[in-house]
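Trainee: I have not seen this one before. Can you take me through it?
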Amino acid sequence: MTDPAPLTVRWCVLGRGVDGRVTAVDIQADGSRGAMQTVSFAELSEYVAERERNAAPRWVWSDTPTWYPTLLEAGVRVARCTDLRLSHAILRNAASVQRADELRAAEEWDVAAAVPDPEPRGLALFELERTSTLSVPHGIEKALAEFARQREALATAAEPARLGFLLAAESAGALAAVEMSTAGVPWDIAEHDRLLREALGARPASGMKPQRMVEVAEEVRAALGDPQASLDSPPKLLRALKNAGIEVSSTSQWELAEHSHPALEPLLRYKKLARLFTANGWTWMDEWVRDGRYRPVYVPGGVVTGRWASSGGGALQLPRQLRPVLRADPGWLFVSADVAQLEPRVLAAMSTDHAMAEAGRGKDLYAGVVASGAVATRDEAKIAVLGAMYGATTGDSGRLVPRLRRSFPRAMRLVDESAETGEHGGTVSTWLGRTSPPPGAEWAEVQAVANGVNATSRDEDRARRVARDFGRFTRNFVVQGTAAEWALAWIADLRTRLMDLGEATDTRPATASGVMFERRPHLVFFLHDEIIVHTPAELAEKVAEVVAETAVTAGRRMFGSVPVDFPLDLRISERAEKG
DNA sequence: AGGCACTGCGCG
DNA sequence: AAAGCGCGCAGTGCCT
């Protein structure tokens with residue numbers, strides 16, 4: 001009798017032992033478990049690297065920011081993982097999962113993202129626990145039990161393959177996020193300093209304002225005829241403006257721009273300088289740029305819709321003004337790409353609205369909307385399309401949206417029905433199955449008051465307003481969330497394709513100099529619908545091809561044969577300046 | 001001193 | 001120019 005062919009190891013579950021050692025348990029394709037293996041913490045990287053070469057299992061671990069930075073520090077990348085914390089968050093809420101009771105009962109997995117230390121200190125794998133108050137469990141038995149619960153829950157989903165794809169993409173995103181923080185964005189400190197000096201003057205002493213800000217502030221005070229006017233406190237500034245006869249109800253730029261007074265031009269200029277100085281000035285540079293690398297902290301799944309959030313470093317609000325400061329290393333280049341109008345394209349695909357798909361056939365979907373005859377100008381098209389996805393009811397946007405309803409009935413029906421569901425307190429789901437959170441207790445309270453016998457018209461107005469607010473949230477959730485899924489599918493595929501490029505000889509990161517993944521192209525930046533890859537110059541063309549190919553693949557894997565294009569604006573450059 | 005709400009502004 | 005969605009962060013002012 002011959003031995004049966006050995007079963008493929010599909011997963012390898014990792015857990016921390018009580019003694020700080022790490023336990024690994026293989027799980028075969030048929031669900032059977034292998035023997036427990038234990039390695040010392042020091043041996044972990046070597047163990048993972050060896051298994052990655054020979055078996056390439058999907059690593060299953062409690063949460064990626066806890067496990068992965070240590071491996072990366074040792075030069076070990078993994079191709080695939082299951083992040084139990086992120087997967088739990090998706091599965092426990094997913095409407096398509098029939099049996100999630102046990103998952104919901106496992107409350108110890110309901111933990112917000114652990115925030116990794118942006119500067120890893122040596123081999124402190126579980127150092128996180130000392131700084132964050134809450135953490136998911138890291139032990140092997142807990143991990144095995146949770147993984148089993150998740151497999152069972154997934155099997156009861158209406159479309160397990162689809163939801164499973166979301167879990168894989170979400171987990172791949174978690175790997176990419178840690179890799180990007182570890183690698184960092186190549187940052188030209190001298191150029192940043194030059195830009196700051198040009199705008200603000202020399203760097204001021206700690207606690208002082210830059211010379212240019214002081215000067216402009218004096219201009220404002222002179223024009224107001226108020227030498228004491230405070231420009232940094234909105235309430236005080238508002239009083240000063242009113243005293244000068246400027247009738248504004250707030251101090252925001254858009255309202256100031258509507259008035260005409262000699263103080264307003266320098267005031268708007270002051271606000272720009274103040275913003276640059278406080279948000280991305282020298283202090284920010286000192287804190288977030290080290291060794292020529294900007295290392296923001298990404299939080300995959302940090303937004304309810306599935307978008308990433310960030311925690312520290314402000315990666316989601318990097319001003320375009322600063323983009324020229326991103327500079328590739330000598331001999332390297334950036335390949336940057338963003339998707340034009342990702343959200344309406346996703347909406348067209350989800351709703352199989354062929355008219356909207358047709359409008360998106362070219363590079364500019366808004367031009368296509370104009371060509372469809374729905375509206376007259378590109379500006380109108382943009383305002384109308386955004387208004388449709390956000391639920392605008394007033395102004396130009398509210399006026400233009402009904403025109404889209406005639407030209408793109410299927411797309412509009414999808415967002416309108418999503419809004420209606422939310423107005424009634426319901427939940428909606430993205431294309432791959434991420435379900436929106438139900439409204440909070442306050443929602444039901446307000447509705448109950450409005451439906452009570454003693455309800456005033458005020459109560460009813462409030463209830464309607466709260467219902468519509470929630471409707472706008474669910475309306476946008478399906479589109480924003482599905483767009484986030486498309487982007488995750490894109491970068492998940494992209495990072496694995498990039499792993500295969502470049503020299504395989506030495507992947508050991510030299511983090512002291514900020515150089516990661518020597519001679520290998522790697523993602524350094526991701527922001528909702530755009531990516532930047534840092535690559536050896538000789539591979540840039542190849543990388544650009546891969547970036548484009550993976551965008552096509554993402555569309556196919558998400559939406560199959562639905563004929564919706566996701567065209568990229570793609571650039572190869574030394575600096576990440578937006579073209 | 002530290003927590004919290006609020007405003008204002010950067011990003012998609 | 002916002003409107004209509006989703007965020008993070010700095011600064012201020014008020015609270016304990």
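Predicted model: local features only at pLDDT ≥ 70, side-chain atom pairs only at ≥ 80, totals over all residues.

Trainee: Start with DNA strand B. How many residues surround it, and which are the closest?

Mentor: There are 18 residues around DNA strand B, and the closest are Thr251, Gln253, Leu316, Arg320 and Asp529. By class, the surface near DNA strand B has five nonpolar, seven polar and six charged residues.

Trainee: Which part of DNA strand B lies within 4 Å of the protein, sugar and phosphate or bases?

Mentor: Of its atoms within 4 Å of the protein, 80% belong to sugar or phosphate, and the rest belong to bases.

Trainee: Now DNA strand C. Which residues come nearest?

Mentor: Ser233, Gly312, Gln317, Arg472 and Phe473 come nearest, out of 28 residues around DNA strand C. Sugar and phosphate make up 68% of the atoms of DNA strand C within 4 Å of the protein.

Trainee: Which side chains have an N or O atom by a phosphate oxygen there?

Mentor: Ser233 has one at 2.7 Å from a phosphate oxygen of DNA strand C, and Lys236 has one at 3.5 Å. For Gln480, a polar side-chain atom lies 3.0 Å from a sugar or linking oxygen of DNA strand C.

Trainee: Which element gives the most to that surface?

Mentor: H21 does, with four residues of the surface near DNA strand C. Helix H21 covers 457-499. The residue classes on that surface are eight nonpolar, 14 polar and six charged.

Trainee: Different topic. Where are the domains in chain A?

Mentor: The domain assignment gives domain 1 (1-183), domain 2 (189-289) and domain 3 (343-481). The C-alpha centres of domain 1 and domain 3 are 36 Å apart.

Trainee: What area is buried between domain 1 and domain 3?

Mentor: About 750 Å², with 54% of it from carbon and sulfur atoms. On the domain 1 side, Asn93, Arg162 and Leu166 supply 56% of the area buried against domain 3, more than any other three residues.

Trainee: How many salt bridges are there between domain 1 and domain 3?

Mentor: The count is one. Glu170 forms a salt bridge with Arg434, and their closest N and O atoms are 2.8 Å apart.

Key. Residues numbered from 1 in each chain as written. Chains lettered and ligands numbered in written order. Heavy atoms only, no water. Near = heavy atom within 4 Å. Nonpolar A, V, L, I, M, F, W, Y, C, P; charged D, E, K, R; others polar. Polar contact = N/O pair within 3.5 Å; in protein donor to acceptor, adjacent residues only side chain to side chain. Helix = DSSP H or I, 4+ residues; strand = E, 2+ residues; numbered from the N terminus. Domains from an automatic or database assignment. Buried area = accessible area lost by both parts, 1.4 Å probe. Salt bridge = Lys/Arg side-chain N within 4 Å of Asp/Glu carboxyl O.
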